[in-house]
Each structure stands twice: as structure tokens, then as C-alpha cells.
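Work through each task on the structure before reading its solution.

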Protein chains: 2
Amino acid sequence: MEEPRKRSRPGRAPAPAGRTSRPRQAEVARLAGVSQATVSLVLGARKQGVTISEETRQKVLDAVRDLGYVPDPAASRLAAARNNLLGVFSFTSTFPTDVQHSYYPFLVGVEQEAAARGYDLVLFTGSSTGGAGAAGPNALNRVRLADGCLFLGRHAPAGELLRLVADGFPVVHLGRRDELEGLAWVGADYISASQEVVAHLAALGHRRIVLVREDDEAPASTDREHGFLKGLEEAGLPGGPATVFRSADPERDLTAERLRGWLDEGVTAFVAEETDTGDAWRALHGAAHFVGIDCPRDASLALLGSPPPDLADGPVPTGFDVPRPQLGAAAVRMLAALVAGEEATEPLVACAFRPGSTAGPAPVHP
Amino acid sequence: MEEPRKRSRPGRAPAPAGRTSRPRQAEVARLAGVSQATVSLVLGARKQGVTISEETRQKVLDAVRDLGYVPDPAASRLAAARNNLLGVFSFTSTFPTDVQHSYYPFLVGVEQEAAARGYDLVLFTGSSTGGAGAAGPNALNRVRLADGCLFLGRHAPAGELLRLVADGFPVVHLGRRDELEGLAWVGADYISASQEVVAHLAALGHRRIVLVREDDEAPASTDREHGFLKGLEEAGLPGGPATVFRSADPERDLTAERLRGWLDEGVTAFVAEETDTGDAWRALHGAAHFVGIDCPRDASLALLGSPPPDLADGPVPTGFDVPRPQLGAAAVRMLAALVAGEEATEPLVACAFRPGSTAGPAPVHP
DNA sequence: GCGCATTACTAATACGCATTAGTGATCCGG
DNA sequence: CCGGATCACTAATGCGTATTAGTAATGCGC
């Protein structure tokens with residue numbers, strides 16, 4: 001048989017030359033005259049029952065100082081079975097050249113909340129997927145190296161997302177996505193916010209209000225319409241499809257004639273939804289200006305969201321702000337909950353009403 | 001006595017409830033009908049002698065795909081391997097509320113270059129906030145989880161940085177930092193760029209040029225002065241301390257009288273350095289405006305950098321642009337080189353000359 | 001057809017730390 | 001003064017991966 005000599009250790013290559021190896025807990029333990037486990041106990045946040053005498057504690061801490069010991073995060077995280085890493089995946093590049101197109105405002109909240117909870121962030125770039133990551137149908141797999149992952153934008157392929165969810169991997173989508181069964185998400189409460197804007201207009205005396213929206217089926221759009229109609233109903237105002245103007249190209253279809261027609265019919269307030277392009281608001285704003293409306297004297301305007309950058313210099317529109325940093329923070333909270341195996345937290349984040357200066361009392365009609 | 005049942009395993013807390021754990025190499029191995037070691041061999045970059053049959057290789061790769069296996073970064077690191085993660089650490093929050101103060105332009109380049117090389121980025125958070133991420137003297141230590149780390153801003157504590165370097169951990173500082181022995185950095189070549197601006201002015205016929213700078217010792221400042229003086233010398237113009245106006249508070253000290261004095265002495269061009277606050281340029285710009293100088297007819301102005309945001313709407317200053325995205329990319333290139341055990345790459349990145357509209361031919365003197 | 005190479009794997013670690021069962025001591029009540 | 005409780009620690013193990021020694025199977029030369 002084999003004689004019991006010590007195996008010439010497999011498992012490790014010699015340490016890279018020239019690299020002064022840092023002290024380990026074992027060295028600290030030797031210097032302090034205790035066991036490695038004791039060192040770990042002293043250094044680790046006190047868990048439960050374990051008690052360490054003050055004397056031992058000091059010996060260990062002294063040794064730690066003398067040797068300049070610092071823990072190896074890889075080992076800690078491996079042993080603790082959690083990496084303290086949250087993924088952030090955006091299908092487009094996280095830092096596009098043009099900051100206007102970035103998720104920056106969300107990331108502000110994401111970073112803050114993650115930091116507050118002791119998580120670091122891993123940024124995955126789905127767009128490139130060059131180098132190591134396979135671009136194939138499994139491009140999303142790489143996110144599994146984190147404890148959970150946040151998805152930004154509506155371009156993440158549904159199939160892969162659901163696969164992750166089905167595997168029990170914690171996933172949170174920033175932006176409503178409830179067509180995907182089981183996918184956790186956080187989103188802004190456009191319904192309540194839109195309703196509130198209508199209530200504001202109604203309180204100012206407006207009886208006939210029209211919503212201008214683009215022609216898509218995104219939840220963000222239908223929610224706003226929903227809230228708009230709910231607001232009308234609450235205020236006891238006439239609702240129905242006639243109060244909603246829907247167009248695939250508002251800048252072309254929202255003509256001066258149409259606007260004058262509405263005014264003649266007694267409409268005194270107009271509400272536009274916010275979209276990627278900002279076209280609805282731009283069209284409304286443009287037509288009102290063209291017709292020569294003195295806003296808010298002749299009529300009131302409101303915007304269900306924030307104005308596009310090119311109109312940022314104009315008067316502040318009455319409406320609401322999407323609290324992007326708070327959305328980011330809420331997403332991290334939910335993700336952290338899922339990672340911890342808890343229930344998902346509240347998905348809806350309230351929008352802040354913005355008084356603005358484009359809405360005023362309804363003009364007294366002759 | 002106890003019957004020989006399996007020890008109720010110490011060493012591990014039960015996995016968080018309800019969480020199906022990610023697949024490991026062991027699961028892949030079982031599915032493929034091979035050993036864990038084989039999986040590791042197939043996935044790892046082919047080392048030496050080991051050979052794997054194409055058939056086995058495929059079985060393993062199929063199993064990897066089916067299970068969505070991704071290596072655990074902590075385990076990889078612990079086993080002395082790479083994990084394709086580059087750290088990004090900024091002492092201040094990476095995404096401050098005000099995008100103006102962010103490292104965004106650098107990150108554009110960092111992300112691109114990292115993606116191109118197959119690295120993902122880990123954003124180490126909690127630098128500013130006192131979150132769970134520990135503020136202690138070892139706040140920087142967690143970056144060791146990554147293969148290397150990029151540091152932004154000049155607030156990273158020197159001691160800890162040097163400790164990382166001394167331990168052989170790949171570190172690159174974005175921004176010159178050569179007072180720290182052994183620290184690799186990348187920075188903009190302010191010397192050449194400043195020299196070029198002076199050359200441009202000299203070519204326009206200016207014979208007397210004054211530099212306005214703030215009163216600090218940052219390399220970015222001294223480099224600009226150095227390049228300025230070098231430019232004068234090259235052009236055969238009078239140099240010396242008289243051509244440099246140095247003030248801790250330029251807006252107060254750079255008075256209209258002083259400016260008139262210079263003009264009377266025959267100075268026809270003024271150069272300001274760029275600083276965090278932009279005060280030098282603001283003072284110069286303000287005084288020139290106050291004195292009623294028609295720029296560039298009466299005198300030329302130049303800015304060694306970019307104007308502060310509040311002056312972004314004014315005329316484009318002649319000077320140079322700091323190529324922030326390229327700096328980010330260069331930093332990643334250097335970091336990747338260090339991780340691969342190669343020599344550091346070129347640390348200096350050239351700035352782009354910006355013609356602008358504030359410099360013109362020197363006025364003909366009576 | 002026997003030794004020696006080569007091929008294609010697997011077994012057995014080691015990495016550094018966290019956790020928990022176990023083990024002497026010491027204390028305490030009755 | 002004995003059994004149990006408490007205290008203060010240590011031993012043993014596992015986390016998931018990389019590496020290397022070992023091995024069975026096959027090929028090959030002479």
C-alpha cells in the first residue's frame with residue numbers, strides 16, 4: 001500500500017512570485033495564542049450565544065493591528081454564501097455617450113439604497129456582450145453571479161427573464177411589467193398621479209378637459225389614461241372616449257383647427273402624457289402657442305410627467321414628477337427583500353405633484 | 001453511544017429559505033456524467049498538458065447551458081483565479097444627485113473599454129454614506145473581490161491605496177498621483193496641451209501673455225503652469241514669474257485695475273486654468289467684460305480646460321478639452337494590463353485643442 | 001507481448017473565513 | 001460533593017473553484 005507520507009499538496013500553484021502574502025486569520029491566531037475560529041469570532045459581528053472574554057478579545061485585536069491583518073473579501077463572501085452583490089442590467093449601455101438617454105436619475109437612488117444596505121453593484125452591459133460573455137440566447141445568464149439583479153428598460157427579453165425567475169433567482173424589473181407572470185417590478189403610480197392632476201384642474205373650475213396621448217399600449221400610457229378618466233369621474237365631469245385624443249403622430253394631427261374646435265366646444269384644460277419623445281406635450285404646447293393662447297389665462301395645460309429636455313427652458317408645466325431616484329431605491333429595497341427570501345415590498349411609488357405655472361382658474365365663459 | 005449517523009454538518013447555516021441556489025460545477029458535472037474537476041478544466045482557459053475529448057467537452061458545455069451555470073466570483077478569486085470583474089471605487093458617491101459633479105464622462109469610456117475586453121464592472125458603494133458597507137480604516141479592502149480596481153477622485157486615502165499596491169493588487173488611479181510611489185495612474189497631458197495653447201496664441205502674434213491660476217499645488221495646476229511657461233520659452237517670449245498671476249481668490253484679486261494695468265503694459269492675451277470651481281476663468285472673463293474688452297479684438301482669452309457649467313452658454317473659449325471618456329478607457333486598458341501581469345501602459349492621454357472664439361490676432365500696438 | 005507513452009479523466013486537496021458542535025473548566029444549588 | 005449549567009474556547013467542517021498527482025485505458029515500437 002501507500003506509505004502514509006504527506007501528499008505533495010495538489011490544489012494550489014505556488015503564490016505568484018513577488019507577491020507578499022498578506023497575513024491570514026491563522027497568523028493572527030498564532031500571534032495571539034488562540035485558534036483561528038476565535039479570531040473569526042472576535043472580528044465577526046457577534047452572532048449569538050458565543051461569548052469571548054475581554055482579555056482574549058484584546059489579544060486578538062492587538063495581533064490584528066500588529067500584523068495589519070485585513071480580511072479577504074473573497075473568502076468571507078464565499079463562506080457566508082452571499083456575495084453582497086446586486087446586478088444592474090440594462091440592455092442598452094449603462095453609460096451612453098449622451099447622459100440624457102441614461103438611467104442616471106434611477107442610478108442615483110439605486111446606489112444610495114444599495115450602499116445603505118451594504119451591497120455593491122455589478123454593472124452588466126447587455127449591449128456589448130463582446131469579450132467573455134456569450135451573446136447567444138443566454139446573455140442574461142451572467143447576471144447570476146450576483147445575489148440578485150435589477151433590470152432597467154423594457155428591452156430585456158421576456159423568455160430569459162422568466163427563466164431566471166423560474167429558477168428562483170431574485171429579479172426586479174424597474175418599470176411595470178405585469179404581463180410577465182411572476183416577475184417582480186416597481187413602478188410609478190401613474191394612475192393616482194394623473195388622477196390628482198385632473199382633480200387639481202377640476203378644483204380650479206375646469207369642466208371640460210381633454211387628454212392628448214400617443215397611440216401605444218405601454219402600461220405607462222394606459223395607466224395615465226386610466227387615472228385621467230378616474231379623475232374626471234371623481235369630479236363628476238363628463239368622461240368617455242371623446243375626452244381622449246389619441247394619435248400616432250400628435251405633432252401632425254393636433255392642428256390649430258382642432259384646438260380651436262375644442263375651445264369653441266368649451267374645453268378649458270388640456271392634459272398631455274409624457275412619452276419617450278415628449279411629442280404629445282410638444283404638439284400641445286406648439287398648437288397652443290400657434291393659436292395664441294395666453295396660458296393659463298385663456299386655457300390651462302398640464303403634463304403627466306416631465307417635459308422633454310428641449311422644452312426644459314419654457315414655463316414649468318403643471319403636472320407631476322416621476323420620482324426616479326426613489327424608484328431606483330424602491331427597486332433595490334424589493335430586490336434586497338427577495339434576496340433575503342422575504343416577501344416583495346410595495347411596488348408602487350407615488351409621484352410628486354408639481355404645481356407649475358401652466359394651469360390656473362378656468363376662464364369665465366360668456 | 002451515538003449511532004454513526006452523519007454528523008449534523010457544522011460550518012454552514014442552512015440556505016436562506018425559499019431560495020433555489022444557483023447551480024454549481026458539481027451539478028453540471030452530475031448532469032454531464034463527469035467529475036467536477038473535468039467541468040473546471042473544460043471551463044477554465046486551457047492550462048497545460050491537460051486534454052479533454054471533444055465529446056466530453058460538448059457534454060459539459062451543454063450541461064452548462066442547460067443549467068445556466070455561471071461561476072461564483074468569490075470562489076474563483078479564492079482559488080487564485082480571475083473573475084472578470086473590475087472594480088470602480090470613488091470616494092464620493094459615483095452617482096451624486098447633481099450629475100454635474102459626477103464621474104459620468106469618465107464612466108462612459110470605462111464601460112466601453114471594459115465591455116470590449118469582456119470585463120464586468122463592480123461599483124463599490126458606501127464610500128460616502130455610512131451604510132453597512134463599513135467606513136472603517138479598511139473601507140477599501142472590499143475591492144479585493146475584483147481582479148483589480150480603478151479609483152476615481154483624489155480622495156482615496158493614500159495609506160490604504162498603497163497597502164493594496166504593496167499587496168500586489170492591481171490598482172489604477174484616474175488622475176495623476178505620482179506622489180504615491182508605485183501607484184499606477186492615467187492622466188491628461190496638461191503640459192503639452194497648455195503648451196499648444198500658448199503656441200497658438202504666439203502664432204497669432206501675441207508677445208505678452210499672462211496666466212491666471214488659483215493658489216494650490218495640485219499636479220493639474222502645476223502641470224498647466226509648466227506647459228504654459230514651456231510654451232512661452234519655445235516661442236521665444238519672456239517668461240518668468242511675472243507672467244503668472246496666482247491668487248487664492250481670483251474673483252476678488254483680479255480687479256479691473258489690475259487688468260487695465262496689464263493691458264497698458266502691452267499684454268494682449270490671457271490664459272486661465274480650469275479648476276473645480278472654475279474661478280480663474282470666471283474672474284478673468286468677468287474682469288474682461290467689466291473693463292469693456294471686445295474679445296478677441298482688443299485682447300485674446302484662453303482657457304486651459306473646459307468652462308464651468310454656468311458659463312457654458314457664453315462664447316466657446318479657445319483652449320483644450322480634457323478627453324474624459326478616453327481617460328476612462330485608458331485607465332481600463334492599464335488596469336487590464338496590470339491584471340494580466342503585464343507592464344503598465346502609457347499613462348498620458350492627449351487633450352484635444354479647441355479653437356474656440358475667444359482668441360484672435362494680436363491687436364497692432366500704437 | 002512487454003514496457004513505456006500518451007490520452008482522458010478523477011481524486012484529493014487548498015484557498016481563507018464562518019459557523020457550530022463539542023470540550024474542558026468553573027460555578028452553583030441542594 | 002455531585003450533577004447540571006454556564007463560560008470560553010477549539011476542532012471540524014463547508015462554501016465553490018482551480019490545480020495537480022494519480023490511474024485506467026489504449027496505443028505503439030521493437
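**Exercise 1. Describe how strands β6 and β7 of chain A pair, and the unit they form with helix α8 of chain A.**

Step 1. Strand β6 (residues 209–214) of chain A pairs with strand β7 (residues 244–247) of chain A in the parallel sense, over four bridges. Two strands count as paired if DSSP finds at least two bridges between them. Helices (H or I, at least four residues) and strands (E, at least two) are DSSP runs, numbered from the N terminus.

Step 2. Together with helix α8 (residues 219–234) of chain A, β6(A) and β7(A) make a right-handed β-α-β unit. A crossover is right-handed if, with the strands pointing away from the viewer, the path from the first strand over the helix to the second runs clockwise.

A note on conventions: this is a predicted model, in which local features need pLDDT of at least 70 and side-chain atom pairs count only at pLDDT 80 or more, while totals for chains, interfaces and linings use all residues. Residues are numbered from 1 along each chain as its sequence is written, chains are lettered from A and ligands numbered from 1 in the order in which they are written, and side-chain values use heavy atoms, with hydrogens and water left out.

**Exercise 2. Characterise the packing of α7(A) on α8(A).**

Step 1. Two packed helices are described by the angle between their axes and the distance between the axes. Axes are lines fitted to C-alpha atoms, for helices over the stretch in contact, and angles run from 0 to 180 degrees between N-to-C directions.

Step 2. The axes of helix α7 (residues 190–203) of chain A and α8(A) come within 7 Å and cross at roughly 40°.

Step 3. The two helices α7(A) and α8(A) are therefore oblique to each other. Angles under 35 degrees count as roughly parallel, over 145 as roughly antiparallel, 65 to 115 as roughly perpendicular and the rest as oblique.

Step 4. The crossing of α7(A) and α8(A) is right-handed. A crossing is left-handed if the near helix is turned anticlockwise from the far one by less than a right angle, and right-handed if clockwise.

Step 5. On the α7(A) side the contact (heavy atoms within 4.5 Å) involves A:Tyr190, A:Ile191, A:Ser194, A:Gln195 and A:Val198. Their counterparts in α8(A) include A:Ala220, A:Asp223, A:Phe228 and A:Leu232. The residues of this contact of α7(A) with α8(A) divide into six nonpolar, five polar and four charged. Here Ala, Val, Leu, Ile, Met, Phe, Trp, Tyr, Cys and Pro count as nonpolar, Asp, Glu, Lys and Arg as charged, and the others, Gly among them, as polar.

**Exercise 3. Give the angle, axis distance and residue classes for the packing of α1(A) with α3(A).**

Step 1. Helix α1 (residues 25–32) of chain A and helix α3 (residues 54–67) of chain A pack at about 120°, with their axes 9 Å apart. That makes α1(A) oblique to α3(A).

Step 2. α1(A) passes α3(A) in a right-handed crossing.

Step 3. In α1(A), A:Glu27, A:Val28, A:Leu31 and A:Ala32 meet residues of α3(A), among them A:Lys59, A:Val60 and A:Leu67. By class, the contact of α1(A) with α3(A) has seven nonpolar, no polar and three charged residues.

**Exercise 4. Determine the strand order of the six-stranded sheet in chain B and find the helices packed on it.**

Step 1. The six strands form an open sheet in the order β7-β6-β8-β9-β10-β12 (chain B), with mixed pairing.

Step 2. β7 (244–247) and β12 (352–354) of chain B are at the edges, each with a single partner strand, so one side of each has no neighbour in the sheet. From one strand to the next the twist averages 20°.

Step 3. Strand β9 (residues 300–304) of chain B pairs with strand β10 (residues 318–321) of chain B in the parallel sense over two bridges. The bridge partner of B:Leu303 in β10(B) is B:Gly319.

Step 4. α7(B) packs on the sheet, touching β6 (209–214), β8 (269–273), β9, β10 and β12 of chain B, and its direction makes about 160° with that of β10(B). Helix α10 (residues 256–265) of chain B also packs on the sheet, touching β6, β7 and β8 of chain B, at about 135° to the direction of β8(B).

**Exercise 5. Which strands stand at the edges of the sheet of 12 strands?**

Step 1. The order of this open, mixed sheet is β11(A)-β5(A)-β4(A)-β3(A)-β1(A)-β2(A)-β2(B)-β1(B)-β3(B)-β4(B)-β5(B)-β11(B).

Step 2. The edge strands are β11 (348–349) of chain A and β11 (348–349) of chain B, each pairing on one side only.
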